[in-house]
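Please keep the sequence and the 3D view at hand while reading.

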Amino acid sequence: MKKSTLIKLGVSIIILVLTIMFFDIDINNAINSVEKPKFIGFALIIPIIINPLISNNRWKFFLKVQGVSENTLNLVKYSFVALFMGLVLPATTGSDTLRIVFLEKKHKNFKGKGGASVIIERLIGFLLLALLGFIGSIIMYLQTGFVQLIYLTTVVVLCILFIFIIFKSAWLFRKLTLKLSKVKKWQRSVDYLQSLYEALNKFPINNSLKYTIPLILAFQFSTIFCGYLVFLAFGIDLPFYYHLAFFPLIQIISIIPVSISGLGIREGSFVYFYGLLGINESIAFFVSIMYYILLMLVPAFIGMLIFLFDSKSFK
């Protein structure tokens, strides 16, 4: 196991332990607080059926406008298996990178274009997610007077916009790659970034937004709704705007690469944000665990089955 992975694992464990100790988390009490388990069954439909259909049709369209033809079933398989392998091999790569690898291995003449489709899909997704959080935080402010979330979501939106600017500005991108190219071990990454930069700037994004933004928004709403259903399983029926304000921030905070798959950071964020509403810390902690199982581990398990029965396609 790489040193960086051990550090991330240590950070995850430390944050989890501190969260459990500081908030006096009682998992048994949280489990016994499940009042309506049928809502967890309803929530399962989202990661197994709804999200894969939305996200892979969206990805298919991004590829199509670049001249890459791939059927939806293959993209669904790539996504499930990439999620599985991304969890099994967290030190090596993430699921997004694996999706790019699977696609560009099959379409060898489209180097950078598979990456461009995934990066654009992800960046626009994060931007819209942050904007949803911003809208939710405004509604929350109007209802409760809590203004701090507006500041947080504004910072997140500006950071994502800055990434867009880097890839659209030849001067900024050149400065970045010059800095990176001075480190010998990053040369391959610089070469790939260059091909990705060219693909991103040739990408007909204006022609894509009209079709893809509704799909991206549908995906974000379904993901947030999944969390809403998990809370309902515990008999907690909060106004939806609270989830609209909290979930985008929690999801974006969880991708900060200091822990394994956001472990610890996500749980601490759930406990903190929902604690502001007086939600029991143990329940908020367990909702976070259930949410992760539903959206990550269940699809990863499906990905494992696909990989076992069709391993030749992913060698």
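**Interior contacts and cores**

Once its neighbours within four places in sequence are set aside, F270 is in contact with F231, F247, I250, G275, A284, V287, S288 and Y291. The model is a predicted one, and every value below is computed from it.

- F270 also belongs to the largest nonpolar core, which has 65 residues, and F270 is listed with F231, F234, F246 and Y274 as the residues with the most contacts inside that core.
- Helix α6, residues 113–144, supplies the largest share of this core, namely 10 residues.
- Apart from this there is a second, separate core of 18 residues, among them Y78, A82, M85 and I100.
- As general background, nonpolar side chains in soluble globular proteins tend to be buried together.

**Helix α7 and I160**

- Helix α7 covers residues 148–168, and because its 21 residues at 1.5 Å a residue should span 30 Å, the 31 Å between its end C-alpha atoms agrees with expectation.
- The buried residues of α7 are L149, I150, T153, V156, V157, I160, F164, I166 and F167.
- In an α-helix there are 3.6 residues a turn, so residues three or four places apart point the same way.
- I160, which lies in helix α7, has a relative accessible area of 8% and therefore counts as buried, the cut-off being under 20%.
- When residues up to four places away in sequence are not counted, I160 touches L123, F126, L127 and A130.

**Surface patch and I50**

- A nonpolar patch on the surface is formed by F42, I45, I48, I49, I50 and L53, which together have about 510 Å² of accessible area.

**Loop residue D24**

- D24 is placed in the loop between α1 (3–22) and α2 (27–32).
- The phi angle of D24 is near 55°, which is a positive value in a residue other than glycine.
- D24 counts as exposed because its relative accessibility is 64%, and the cut-off for that class is over 50%.

Methods: Residues numbered from 1 in each chain as written. Predicted model: local features only at pLDDT ≥ 70, side-chain atom pairs only at ≥ 80, totals over all residues. Heavy atoms only, no water. Helix = DSSP H or I, 4+ residues; strand = E, 2+ residues; numbered from the N terminus. Expected span 1.5 Å × (residues − 1). Buried < 20%, exposed > 50% of the residue type's maximum accessible area, 1.4 Å probe, protein only. Patch = residues over 30% accessible without salt bridge, like charges linked within 9 Å, V, L, I, M, F, W, Y side chains within 5 Å. Areas by Shrake-Rupley, 256 points an atom, 1.4 Å probe, with all protein chains shown as cover. Salt bridge = Lys/Arg side-chain N within 4 Å of Asp/Glu carboxyl O. Core = buried A, V, L, I, M, F, W, Y, C linked by side-chain atoms within 4.5 Å. Contact = heavy atoms within 4.5 Å.
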